[in-house]
Amino acid sequence: MSNATALTPAEDAFVAAFDGADALHGPRRAALEAFAAAGLPHKRVEDWKYTDLRASLREALPSAAPSDAAVPPRRTIVDAPAMEIVVENGFVRQGADKAPEGVSISSLSDALAGGAVTEADAERFSGAGAVDALNAALAGDGVVLSVADGVTVETPVLIRYRGLADAGAFHARSLIDIGAGAEASVIELYEYEGGGLFANVSSSVRIADGAALKRYILHTSHDAATDVSTSAVRLAPGAALTQSLIGFGGKLSRFETHLEHLGEGAVARLDGAFLLGGRRHADTTTRIVHAAPEGETYQRHKNVVRDTARSVFQGKFLVERPAQKTDAQMGTHTLLLSDGAAADAKPELEIYADDVKCAHGATSGALDDDALFYLGSRGVPPEQARALLVEAFLNEIIDDIDHDGLQADFKALVRDWLAGEGAA
């Protein structure tokens, strides 16, 4: 490894799992070698200084196996019609209903077997860090979604990533292509049910000229589960991405978004919020590259942290020299509800163009005492007053979700969390 230390039992197990697999060549071998050279990230890796994955995964976990248990109904109250796909323990368990004309949905394993996706497709199996490289080496299944040019998909595609307690380690990889001028929505549910689990999910997303994709992401996890989700998104000229994330953390949870503006006039909005209690840990990391002119990115992230939980936000805008007239705005704000709660924030700007509007900001603090006093003076009980203020803090994110069912779902989950019922 590059840090001149021996592989941990967990890292040894990942390498051994690859050596026992069928594919021992090509991009998968290169990805495995990249992972073995770096190992699991830890606090001495700058991008992981607040989130020590190596410490969380020292002991070896077996490779997850398919489950034959019945897939339970969704715990969420989303009732909008959807094409639902279930990826459980890294294997597609349930395929979507018949897709409408112009939409293709399949499992990654079927796409690989049929030649629709090849392991030599370097763009789709390129690494975005050591964890993504591990995913590229070991992922055997996931979802392949393709929307043809000019098609508007009225029904959302619902992808449920599930991990069972004591399942071991699994790696799922999904490929999403939205054709030129097309419009689609994807709902992603992450449901991790216990300890003895490491979930490593990667998504490669390409949005073509003038196309639009809306991603709605809900993360619920057990407080003993460890999971990393990595998204690599490429925007063509005039493309648009809207991404909304609501999550509740786990033993260690990390959501990475790597976004590239590769064409002129692309627009992205990334909103997110984590509600953390107990000893949960959640890390939101984004890297936004503006490589073309007149791109726009608006990013808002909020955390509510209580007990001894910890939130992390790392966001970076890289504006390359050709990306003149870029407008990129980033803000992260955290409410700390107890003395033991912790928050880390590291917003960054790296700008090489000279005609841009870029800004970032970060705040953290407790609930406003004056507001609590005002509500109390109007007869509102203390716990209800605190809940009202937290909901008001988060509503800036949730109210902008333009899917009525999901908006109601998220608000109900927030109220459950505030009532102490959690979201595990």
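**Entry 1: the largest cavity**

I began with the lining of the largest cavity, sorted by class: four nonpolar, seven polar and two charged residues. The model I was working from is a predicted one. I then noted the volume of this largest cavity, about 110 Å³.

**Entry 2: how many cavities**

How many cavities of 30 Å³ or more does the whole structure hold? My search of the whole structure turned up four. Rolling a probe the size of a water molecule over the atoms is what shows where empty space is left.

**Entry 3: the second largest cavity**

I went on to the second largest cavity, with a volume of about 40 Å³. Its lining is made up of E188, Y190, R215, I217, S229, S231, Q243, F255, E256 and T257. Here β7 (183–192), β9 (212–221), β10 (226–235) and β12 are the elements that each give two or more residues. Which of them gives the most? It is β12, with three residues. By class I wrote down three nonpolar, four polar and three charged residues for this lining.

**Entry 4: α2 against α5**

Next I turned to a helix pair. Two packed helices are described by the angle between their axes and the distance between the axes. For α2 (residues 26–38) and α5 (residues 130–138), the axes come within 8 Å and cross at roughly 145°. The crossing of α2 past α5 is left-handed. On the α2 side I listed R28, A31, L32, A34, F35 and A38, and they meet A130, A133, L134, A136, A137 and L138 of α5. What is the make-up of this contact by class? I noted 11 nonpolar residues, no polar ones and one charged.

**Entry 5: the two ends of α6**

Last, I looked at α6 (residues 369–377). D368 caps the N-terminal end of this helix, with a side-chain oxygen 2.9 Å from the backbone nitrogen of D370. Just after α6, I found G379 with a positive phi of about 85°.

Definitions and conventions:
Residues numbered from 1 in each chain as written. Predicted model: local features only at pLDDT ≥ 70, side-chain atom pairs only at ≥ 80, totals over all residues. Heavy atoms only, no water. Polar contact = N/O pair within 3.5 Å; in protein donor to acceptor, adjacent residues only side chain to side chain. Helix = DSSP H or I, 4+ residues; strand = E, 2+ residues; numbered from the N terminus. 1 Å grid on protein atoms, 1.4 Å probe; cavity = no way out; pocket = protein on both sides within 12 Å on 5 of 7 lines; lining within 4 Å. Points joined across faces, edges and corners; volume = space filled by probe spheres on them. Nonpolar A, V, L, I, M, F, W, Y, C, P; charged D, E, K, R; others polar. Axes fitted to C-alpha atoms, helices over the stretch in contact; angles between N-to-C directions. Left-handed = near helix turned anticlockwise from the far one by under 90°. Contact = heavy atoms within 4.5 Å.
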